[in-house]
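Please keep the sequence and the structure in view while reading.

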Amino acid sequence: MNKDFITSILEREAEAVRRIPVSDRYEQAIQLIVEHVHQQGGKLITSGMGKAGQIAMNIATTFSSTGTPASFLHPSEAQHGDLGIVREHDIFLLISNSGKTRELLELVELARAFVPQIQFIVITGKEDSPLAAQADVCLPTGDPKEVCPLGLTPTTSTTVMTVIGDILVVGTMQQIHFTSTDYAKRHHGGYLGAKSREQSKQEI
C-alpha cells in the first residue's frame with residue numbers, strides 16, 4: 001500500500017463529507033431533540049443494524065456524555081422485550097444506509113403501536129426509501145460510494161453517518177449551553193476529566 005493509495009482514500013472520504021447535504025433539517029432535528037429530552041424529560045433512543053448500529057451506539061454514548069440522556073436500542077432485541085425502555089416523551093434516531101433495513105421498519109411499527117405519538121429522526125443514504133418516508137425529519141448522507149474496492153463494505157457511508165451524528169451532538173450542546181463544568185460532572189476519570197475540571201475553573 002503506497003502513499004498515493006492512502007491519499008486517494010483520504011480524499012474520497014473527505015469529499016464524501018463535503019458533499020453531505022446541508023439544510024434546515026438539522027435545525028429541525030436538534031430542536032426536536034431539545035424539546036423531547038430537555039423540555040419534556042424524555043430521552044433520545046438511537047438504533048441501527050450492523051455497522052450502522054455501531055455508529056448509532058457511539059452517537060448515543062456521545063450524547064449522554066454531553067448532557068443529553070440517550071440509549072441505544074438494538075432493533076432485534078426490541079422485539080423481545082427491550083421495547084420497554086420507550087416512554088411517552090422519547091424520540092428516536094434511526095440509522096440505515098439503504099433505508100430498507102427490515103428490523104428498523106419493524107421497530108417503527110412496534111414503537112408507534114406502543115407510543116402512538118413517538119417521533120423519528122432518520123439518517124439514511126436513500127431519501128426515497130421506506131424508512132425515510134416514516135421520518136419526521138430525514139437527514140440524507142449524500143449516498144456516497146464506499147471506498148471498499150468491492151463497493152460493499154460500509155466504509156465511507158459510516159464515515160458520513162458519524163459526521164452527521166457529530167453535527168447533532170454539537171448543535172444540541174450549543175442549544176442547551178453545555179459547559180466544561182457540566183462536562184466535568186460526567187467525566188470523573190482520565191485525561192478528559194482532568195482537562196474539563198481545569199477548564200471549568202476558568203469559567204467560574
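## I123 and the cores

In this predicted model, I123 is in contact (heavy atoms within 4.5 Å) with L93, L94, I95, S96, L139, T141, M161, I164 and L168, leaving aside its neighbours within four places in sequence. Residues are numbered from 1 along each chain as its sequence is written, and side-chain values use heavy atoms, with hydrogens and water left out. Local features need pLDDT of at least 70 and side-chain atom pairs count only at pLDDT 80 or more, whereas totals for chains, interfaces and linings use all residues of the predicted model.

**Nonpolar cores**

- A nonpolar core is a set of buried Ala, Val, Leu, Ile, Met, Phe, Trp, Tyr and Cys residues joined through side-chain atoms within 4.5 Å; buried means under 20% relative accessible area, exposed over 50%, and partly exposed in between, with a 1.4 Å probe and protein chains only.
- The largest nonpolar core has 29 residues, and those with the most contacts inside it are L44, F63, I95, I121, I123, L139 and L168.
- At least two residues of this core come from each of helix 2, helix 3, strand 3, strand 4, strand 5 and helix 6; helices (H or I, at least four residues) and strands (E, at least two) are DSSP runs, numbered from the N terminus.
- Helix 2 gives the most to this core, with seven residues.
- A second, separate core of 16 residues includes L83, V86, V115 and F120.

- Five strands form an open sheet in the order 2-1-3-4-5, with parallel pairing; two strands pair if DSSP finds at least two bridges between them.
- Strand 2 (70–72) and strand 5 are the edge strands, each pairing on one side only.
- From one strand to the next, the twist averages 20 degrees; axes are lines fitted to C-alpha atoms, for helices over the stretch in contact, and angles run from 0 to 180 degrees between N-to-C directions.
- Four bridges join strand 1 and strand 3 in the parallel sense, and T46 stands opposite L93 in strand 3.

**Helix 2**

- The 15 residues of helix 2 (residues 25–39) should span 21 Å at 1.5 Å a residue, and its end C-alpha atoms are 20 Å apart, which agrees; the expected span is 1.5 Å times one less than the number of residues.
- Its buried residues are Y26, A29, I30, L32, I33, V34, H36 and V37.
- Among the elements that cover these buried residues are strand 1 (44–47), helix 3 (50–65) and helix 6 (156–175).
- Just after helix 2, G41 takes a positive phi of about 85 degrees.

**Helix 4**

- Helix 4 lies across strand 1, strand 3 and strand 4, and runs at about 165 degrees to strand 3.
- The buried residues of helix 4 are E103, L104, L107, V108 and A111.
- These residues cover an arc of only 145 degrees around the axis, which puts them on the same side of helix 4; the arc is that of the directions from the helix axis to the C-beta atoms.
- The face turned away from this buried side carries the exposed residues E109 and A113.

**I118**

- I118 is found in the loop between helix 4 (102–114) and strand 4, and at 4% relative accessibility it counts as buried.
- Beyond its neighbours within four places in sequence, I118 is in contact with residues including V86, I91, F92 and A111.
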